[in-house]
Amino acid sequence: MHLAELQAIADREQAARKPIRIRCCVAAGCLSSDGQAVLQQLGAAVEAAGLTAQVEVCGVGCMRLCSQGPLVQVDPGGALYAKVTPASAPAVVAAVAGAPADDAPAQLDPAQPFFARQWSIVLEHSGSIDPERIEASIAVGGYQALYHTLHELTPAEVIDAITRSGLRGRGGAGYPTGLKWATVAKSQGPDGRKFVVCNGDEGDPGAFMDRSVLESDPHRVLEGMAIAAYAVGASQGYAYVRGEYPLAIRRLELAIRQAKKLGLLGSQIFDSAFDFRVDIRIGAGAFVCGEETALIASIEGNRGTPRPRPPYPAECGLWGCPTLINNVETFANIAPIIRNGPEWFAGIGTAGSKGTKVFALAGNIANTGLVEVPMGTTLRTIVEELGGGVPGGGGVKAVQTGGPSGGCIPERLFDTPVDYESLVKVGSIMGSGGMIVMDGGTSMVEVARYFMEFCKDESCGKCVPCRVGTVQLHRLLSKIQAGVATEADLAQLRELCTLVKETSLCGLGQSAPNPVLSTLRYFPEEYAGLLRGEVGSEQ
Amino acid sequence: MAARTLTIDGKAVSAREDESLLEAAMEAGIAIPTLCHLEGVGDVGACRLCLVEIAGSPKLQPACVTRVAEGMEVCTDSERLRAYRRMIVELLFAERNHVCAVCVANGNCELQDVAVAVGMDHVRYDYLAPSCAVDISHPLFGIDHNRCILCTRCVRVCDEIEGAHTWDVAGRGTGARLITDLNQPWGEAQSCTSCGKCLLACPTGAIVRQGTTVAELQRDRSRLGWLVAAREKKQWNG
């Protein structure tokens with residue numbers, strides 16, 4: 001494969017394009033609302049109308065406004081149809097043909113803030129290309145950054161570019177990506193092997209960013225992994241995807257097969273000396289396997305439990321070899337940084353947090369779906385402008401970021417800019433990008449109890465504070481919720497939170513008390529109001 | 001092997017560079033409570049009792065898996081650490097059914113010793129009182145899961161020293177249980193060599209030799225007659 005051949009594929013793809021294109025979302029959300037049948041009906045209607053010469057119908061990745069799915073969009077013009085059913089699909093084709101029918105599905109304004117205020121880097125091709133065809137990806141520039149990397153940059157230059165871009169890990173902790181790459185590049189393993197691992201074990205309740213990226217644009221992730229492997233000196237990669245994402249796994253498998261066939265993965269990629277293979281490892285449903293050391297144990301075929309760090313995987317990871325682990329979204333940012341330059345990326349976002357972040361908006365919010373916004377955008381903008389606030393117009397009470405490891409941020413702090421440091425300052429974390437919006441009717445004690453229930457069920461059981469502490473915390477929260485707790489129980493709750501936070505072995509336990517601590521901090525009256533009447537009388 | 005000099009609880013200590021803080025402290029006569037640590041097998045840092053404070057590190061570090069470093073200032077005993085250790089032992093006592101009065105290991109139990117050492121005289125948490133199985137399918141040994149604290153010493157000693165890897169852990173959270181082979185009864189676990197190392201490694205009364213439990217105690221009264229005959233009739237063959 002040469003650049004010219006890549007370009008030829010892109011040109012062929014462009015030339016085959018028909019004047020009108022009807023895009024239908026076939027990512028998991030829309031598929032669950034019969035998106036596949038809508039796609040078929042659209043195709044049948046085009047054929048029935050004799051428009052096959054001018055109109056093409058194509059299944060694409062996530063168009064983001066999942067609550068309005070299945071979504072169908074028409075190019076050019078961008079007419080966007082919501083909640084299309086197999087029955088109403090022919091009406092979309094009729095409208096394209098210039099004969100609008102009465103039963104046409106509702107149209108959305110593509111210029112509404114939900115779409116207009118987004119800034120797409122990670123999701124730039126999500127919803128516009130067919131995720132099951134590598135040619136579609138190549139037509140929009142896929143694998144060009146890899147070519148450029150292999151032929152024009154040294155590994156050190158790649159790492160330097162990533163470092164200068166200011167990219168930080170999108171899995172939640174925000175570790176500088178360039179620094180991590182440099183560490184792996186400098187580390188020497190026992191047998192010279194190194195590995196690149198993509199963490200797609202997205203387990204936070206209410207988070208679906210990584211799933212969407214894998215389902216909508218898998219080649220972007222593979223390209224990012226290949227560039228990373230070149231930079232750190234690895235020739236084998238693993239994509240660890242949770243088993244609950246069958247579609248993401250299937251599309252990634254397909255993408256790997258297609259890339260191998262074209263010589264974009266495998267031996268001597270782009271006729272260089274660089275070899276890189278990617279295999280998929282499927283998670284078996286344990287949340288803790290999103291923690292890097294547990295993930296490594298799981299790939300090795302062992303029980304997925306974390307181990308103490310240091311040594312960090314960058315020095316001693318898979319089978320004792322230096323291992324680079326980045327999140328799906330982190331890898332999805334790599335190709336654009338190489339393509340547009342680190343300065344471009346560093347120009348987006350805030351001083352400490354560069355680029356954009358994808359969030360999954362869920363909960364009591366009008367526009368459930370994916371948003372990608374520059375770092376530093378305020379929570380208010382995300383929740384109220386893009387998200388459209390609470391359906392029906394009630395007030396938003398709080399937003400929960402970072403899943404079971406994050407915290408609840410009250411409405412009065414919604415002017416907080418979304419960046420790593422600011423979110424930590426208000427008692428939450430960036431996390432992987434789940435954002436659950438809660439209205440006035442939500443009990444914050446119940447929210448804390450829900451997340452603690454999740455953590456106690458997902459604790460691997462290795463270390464005592466997390467294994468037993470979360471169970472005791474859950475019992476205390478249940479007691480408070482039931483209105484039978486005393487002041488002493490509340491004090492014990494606080495004390496146990498501190499213990500679990502400070503003494504647990506891995507991030508799961510260390511962050512498990514965050515939902516409790518943040519609700520205690522911002523909504524103490526809700527806890528106090530649930531305590532038993534005779535406060536303090538029981539000693 | 002290079003040496004490192006550090007201070008532990010204000011005391012200057014020298015240690016080999018590959019030593020853990022726990023080893024260095026023990027050599028210096030400084031006791032740090034442990035439960036999952038067992039000399040001779042790999043450390044896992046799971047019980048969290050040996051957490052220590054290291055100057056300049058915001059996080060508490062487990063002494064068993066933290067290497068010594070030049071100039072390190074370690075504190076193994078502070079009010080915070082004492083409180084945490086006590087709470088961790090309380091959590092363990094509340095987790096399963098640790099009833100010392102009816103336990104084979106009473107008076108010879110590391111969990112009990114640690115409770116005394118950290119000053120845990122009562123448990124403030126709800127006893128979870130789970131219903132745990134007892135497996136006595138093995139001809140020589142038995143395991144009472146009610147007394148297991150999931151320290152995984154048996155797992156490591158079986159894997160690392162005997163090389164059998166009969167033991168492992170299944171399930172998660174408080175539902176985690178030690179299993180033999182692929183969760184078969186111990187007596188049917190073909191990989192078990194009956195070496196008994198797990199029994200020797202167990203810190204509590206969870207893994208026991210059969211015939212040593214209180215319920216199994218049987219008095220052989222016929223021995224009395226034999227003894228009397230031996231003494232009075234000088235008959236030794238009864």
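View 1. Helices here are DSSP runs of H or I with at least four residues, strands are E runs of at least two, and both are numbered from the N terminus. The model is predicted: local features need pLDDT of at least 70, side-chain atom pairs count only at pLDDT 80 or more, and totals for chains, interfaces and linings use all residues. Residues are numbered from 1 along each chain as its sequence is written, with chains lettered from A and ligands numbered from 1 in the order in which they are written.

View 2. Helix α16 of chain A covers residues 379-386, and its buried residues are A:Leu379, A:Ile382, A:Val383 and A:Leu386. Seen down the axis, they fall within an arc of 120°, so they line one face of the helix. The arc is that of the directions from the helix axis to the C-beta atoms. Buried means 20 or more other C-beta atoms within 10 Å of the residue's own; exposed means 12 or fewer; partly exposed lies in between; C-beta atoms are placed from the backbone. The cover over these residues includes α5 (113-116), β10 (356-363) and β11 (369-374). It also includes β12 (396-401), β13 (407-410) and β14 (434-439).

View 3. A:Leu477 sits in helix α19 (residues 464-481) of chain A. Why does A:Leu477 count as buried? Because 27 other C-beta atoms lie within 10 Å. Leaving out residues up to four places away in sequence, A:Leu477 touches A:Val445, A:Ala448, A:Arg449, A:Met452 and A:Val516. Contact means C-beta atoms, placed from the backbone, within 7 Å. The C-alpha atoms of A:Leu477 and A:Val447 are separated by 10.0 Å, with the two residues 30 apart along the chain.

**View 4. Domain 1 against domain 3.** The assignment for chain A gives domain 1 (3-116), domain 2 (154-346), domain 3 (356-439) and domain 4 (452-530). These bounds come from an automatic or database domain assignment. The C-alpha centres of domains 1 and 3 of chain A lie 30 Å apart. Seven residues of domain 1 and eight residues of domain 3 make the contact. On the domain 1 side, five are nonpolar, one is polar and one is charged. Nonpolar covers Ala, Val, Leu, Ile, Met, Phe, Trp, Tyr, Cys and Pro; charged covers Asp, Glu, Lys and Arg; the others, Gly among them, are polar.

Note on methods
Two residues are in contact if their C-beta atoms, placed from the backbone, lie within 7 Å.
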